[in-house]
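We will go stop by stop.

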Amino acid sequence: MSRLNPRGIALLFLISLLLSCLCTGCLRAPDEIQSDVAEEELYIDARLGFTLLLPLDWEKITIPVSSPAYRIDTVIWEIPAPQPLQMQIRVLNETDRTAPAEALLTTVLRQQGLTAESVPLAHPHGTASTARTNTRHGLQQLTVLLTEKQGYLMTITGSEQSLDMLADLCARVTESLRDL
């Protein structure tokens, strides 16, 4: 009978352990792994100078330049939900970015004739503040993010039920917003 060296014993042990895991179902093929994270894509807007991760099923809305609703500094997405949501990101101009995020958000709310209590928001790429308020279009969640290079106003509008249902997903998207 041939003698096994320590390396051979370790290799046999590793192979038997791997086979036992496969037989008992400890390891699964990648396509069987369940995930609660929606498939995402990196959205890059070179013109406005930002990137963010978006679920693949969010649809970018194109507004014709001739429309009164068109803004060169804004991008809009339709978010699928039982009652659809809409997210818009507007890049703030330099004069808008002179105040802290919370004061800037209060100013934005006042300009729209709205009131809400703004709350500081931890953001990995800058200082941020957020608020929720009711409008004639539904519930609005507004977030101001100030980074080293730019300022952003992110607005998500829809029903309270849809906003609450997609709160974690919208928070992940908000957190992924960053300068190019």
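By class, how many residues in the lining of the largest pocket are nonpolar, polar and charged? The lining has 4 nonpolar, 9 polar and 3 charged residues. Bear in mind that this is a predicted model.

**Stop 1: the largest pocket.** Select Gln88, Gln112, Gln140, Thr155 and Thr157. Of the 16 lining residues, these lie nearest the pocket centre. Now colour strand 5 (85-92), helix 2 (101-111) and strand 9 (151-158); each of these elements gives two or more residues to the lining. Strand 5 gives the most, with 4 residues. The pocket volume is about 370 Å³.

**Stop 2: the second largest pocket.** This one has a volume of about 280 Å³. Select Ile61, Ile63, Arg71, Thr74 and Val75, the closest to its centre of the 15 residues that line it. Strand 1, strand 3 (59-61) and strand 4 (74-79) each supply at least two lining residues. Strand 4 gives the most, with 3. By class, the lining divides into 8 nonpolar, 3 polar and 4 charged residues.

**Stop 3: the salt bridges.** How many salt bridges does a search of the whole structure find? It finds 3.

Arg71 is partly exposed at 40% relative accessibility. Asp73 has a relative accessible area of 17%, so it counts as buried, the cut-off being under 20%.

Next, select Glu40 and Arg172. Their closest N and O atoms are 3.9 Å apart in a salt bridge. This pair links distant parts of the chain: Glu40 sits in strand 1 and Arg172 in helix 4 (residues 167-176), 132 residues apart. Glu40 is partly exposed at 31% relative accessibility, and Arg172 is partly exposed at 35%.

Then take Asp164 and Arg132. In this salt bridge the closest N and O atoms are 2.8 Å apart. Asp164 is partly exposed at 43%; Arg132 is partly exposed at 32%.

**Stop 4: a nonpolar surface patch.** Show the surface and select Leu42, Ile44, Leu53 and Leu180. Together they make a nonpolar patch of about 360 Å². Is Leu42 buried or exposed? Leu42 is exposed, with a relative accessible area of 52%. Leu42 lies in strand 1 (residues 40-45), the strand that also holds Glu40.

Note on methods. Residues are numbered from 1 along each chain as its sequence is written. This is a predicted model: local features need pLDDT of at least 70, side-chain atom pairs count only at pLDDT 80 or more; totals for chains, interfaces and linings use all residues. Side-chain values use heavy atoms; hydrogens and water are left out. Patches are made of residues with over 30% relative accessible area and no salt bridge: like charges are joined within 9 Å, nonpolar side chains (Val, Leu, Ile, Met, Phe, Trp, Tyr) within 5 Å. Accessible areas come from the Shrake-Rupley method with a 1.4 Å probe; for residues, only the protein chains shown count as cover. A salt bridge is a side-chain nitrogen of Lys or Arg within 4 Å of a carboxyl oxygen of Asp or Glu. Buried means under 20% relative accessible area, exposed over 50%, partly exposed in between (1.4 Å probe, protein chains only). On a 1 Å grid over the protein atoms alone, a cavity is a set of points where a 1.4 Å probe fits but cannot get out, and a pocket is an open set with protein on both sides within 12 Å along at least five of seven lines; lining residues have an atom within 4 Å of a point. Grid points are joined across faces, edges and corners, and a volume is the space filled by probe spheres set on the points. Ala, Val, Leu, Ile, Met, Phe, Trp, Tyr, Cys and Pro count as nonpolar, Asp, Glu, Lys and Arg as charged, and the others, Gly among them, as polar.
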